[in-house]
Structure formats: structure tokens, C-alpha cells
Amino acid sequence: MKVERKILMTKKPLIISTDPGIDDIAAMTISLFAKDLDVKMIVPTWGNVALEYTLQNTLNLEKFLHTEVPVVSGASQPLVAPKISAASVHGKTGVAGFDFEEATEELIVPGLAATVMYNAIMDSPEKVTLLGIGPLTDYALLLKQYPNVVENIEELVIMGGNIGRGNHSPLAEYNIAGDPEAAQVVFHSGLKVKVAPLEIGNKAHVTPEQMKQIKACGAVGNMLYSLFSNIREPDGDPRIKIFDPTAVGLILCPEVFTMKKANVEIELAGRYTYGASVIDFMSDKPNAEIATDVDVDKFAQWFINSIKVADQGRI
Ligand SMILES: [Ca+2]
């Protein structure tokens, strides 16, 4: 007799630490409407621009998307390093190119981000996945204050670090350079860590033709089109690169990436190399999995489809 087995697909509970930022807006939009994800909370942190902007940008995005995921205010500065800024890339407020309507603060949950995240993670019947698409300050605070939280975390997926040249300095990538000490805490936490490094972001671009498809998706596509049309790459590269969504891709479409185990250490003492991620693929003590290649066409198709899903999901 044939036994029919019903497979219950449960959504992955997800917490997002973010510093919106244009590419963060795309990563959050995809996550909020992904059928396989249940976004439990969003924790805006300082990063591309100051916390006052990243917090307001998150609230404004949720107002635009008609979503109501709780927002917890994250860190306003790095643990040790001096603050840096990417306002030259993303505009003074972080989202140059689209006029979001100003949202109220009603989605904000009070409390220290580390404690609010800890309670949500430990209360979750399923292990929680963490997405880190800004400096890792808040996750470092969480892991230092509540080391037992690791038990109920599925994995931490980040966009950050670089195998070769950096984009903040010759050897450091922006998200890691933003808070090198926090990143080192994260890589030594014992968590399963997956990384979409700078090289993957540089490769996974969309073409002008694909950008038009995104614009044609509807209001959500048009919003992202407007933002990405305004992004200013520091290296002058005219291609449209969409860094942070590559980390969401590692969760939702892992099959388009090539992963390699490596040991990652963050340089904390170098005069010219502070914040560099030292990624050793030959180590016998790996603490992370690094995406080393991506199928660009399949990734772009996933990205466009995800925006379509978001547009259809926005009621
Ligand atoms: Ca970001």
C-alpha cells in the first residue's frame, strides 16, 4: 500500500540586522515576502549612515510594503573602532533616489536589541536564522551577553568580508571594517556562519535590461529601480550590483552558489590592514563557509522573481 507522506514546510524564523542602505532595502523586501521565511524582527544598526536614518528607513520601508514586523533599535556605534560612513554611496539619508512616506514609530519594540533578540530566539520553537547585512555590532553584543543563545540559532548568514581587495580600504570590506572587533567575536562564537563576500557581490550584478524587468514588476519594483538607479559605486563601476541580497540568496537559493570551508580571522592590529578579513581556505580549523562563486544568470533570475513575489504579496 502506498503511504502518502505529507511534508509540512515550515517557514524559517529569521532576524535581520541591517543598516539601510539601498541594497539593504532590497534584501529586506525579498525576506519580508519570501514564502520560506518568517521575519521575526528587524534590528537597524548604525552602518552605511547613522542609526537615526537606518531606523527611520526601516520603518518607512515597512510602511511602504504594508508589513508589520517589529523593529528594535540597534547599536548607534561600533564597539571599539571609530565610526565610518557610506553616505557618498547611498546618499545622506541612506536611501537617495526614492521618497518614502515618513512612518510613525509604532512598530518599534522598546529594549536593548541584544536582550530583545535573545528572548525571541530562546522563545522560538524552531532554531532561528540570523541575517547580518551591516556591521555586526548587535550580534556581537548578543553573543557576548548571552553565549547560550548559540543553542537555538540555526546559522548566521552575512554579507561581508573579502577574499581579495576590499572596498573600504585596500584589504577591508565595509561591513567588517565598520566593526572589526564585533566581526571577530561573531567568527569565534561557535555559530555556523555562512558568508557572501565582496567578490560575490561584485559578480552578482543585474543588467540594465533586467533592471527594466524589475521596474515593470509594479510599485515595489519601481521603488527598487529608483533606488538602484541612484547608487554610486566608489570604484565607478557602472554595473548595478546588489550586495546584501546575495546573503538572502545563500538562505533561499543556495544551489546557485559554490561554497568552500575556511577559517576567518579579522585583522585587529594592522596599521594599514585593520578590519581585513583573513580567509584561509587551507586551514584545518574552518569556522565559516564562504561563497566563492555564483551562477550570475540564475541569481539574477531569482532576484527578479523575488521582487515579483514581493510586489504580488504587498496588499
Ligand atoms: Ca547593508
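**View 1. The largest nonpolar core of this predicted model has 96 residues.** A nonpolar core is a set of buried Ala, Val, Leu, Ile, Met, Phe, Trp, Tyr and Cys residues joined through C-beta atoms within 7 Å. Buried means that 20 or more other C-beta atoms, placed from the backbone, lie within 10 Å of the residue's own. V186, L224 and A247 have the most contacts inside this core. Its largest share, eight residues, is supplied by helix α1 (residues 22–33). The model is predicted, and local features need pLDDT of at least 70, side-chain atom pairs count only at pLDDT 80 or more, and totals for chains, interfaces and linings use all residues. Residues are numbered from 1 along each chain as its sequence is written.

**View 2. Surroundings of A247.** Leaving out residues up to four places away in sequence, A247 touches A27, L131, I133, V157, I158, M159 and A196. Contact requires C-beta atoms, placed from the backbone, within 7 Å.

**View 3. Helix α5 (residues 137–145) is mostly covered.** Seven of its nine residues are buried: T137, D138, Y139, A140, L141, L142 and L143. These pack against β1 (12–18), β2 (37–44), α4 (113–123), β3 (128–132), β4 (153–159) and α7 (180–187). Helices (H or I, at least four residues) and strands (E, at least two) are DSSP runs, numbered from the N terminus.

**View 4. Packing of helix α9 (residues 208–215) and helix α10 (residues 219–230).** Their axes, lines fitted to C-alpha atoms over the stretch in contact, are 7 Å apart at an angle of about 140°. M211, I214 and K215 of α9 meet G221, N222, L224, Y225 and F228 of α10.

Conventions:
A residue is buried if 20 or more other C-beta atoms lie within 10 Å of its own, exposed if 12 or fewer, and partly exposed in between; C-beta atoms are placed from the backbone. Two residues are in contact if their C-beta atoms, placed from the backbone, lie within 7 Å. Axes are lines fitted to C-alpha atoms, for helices over the stretch in contact, and angles run from 0 to 180 degrees between N-to-C directions.
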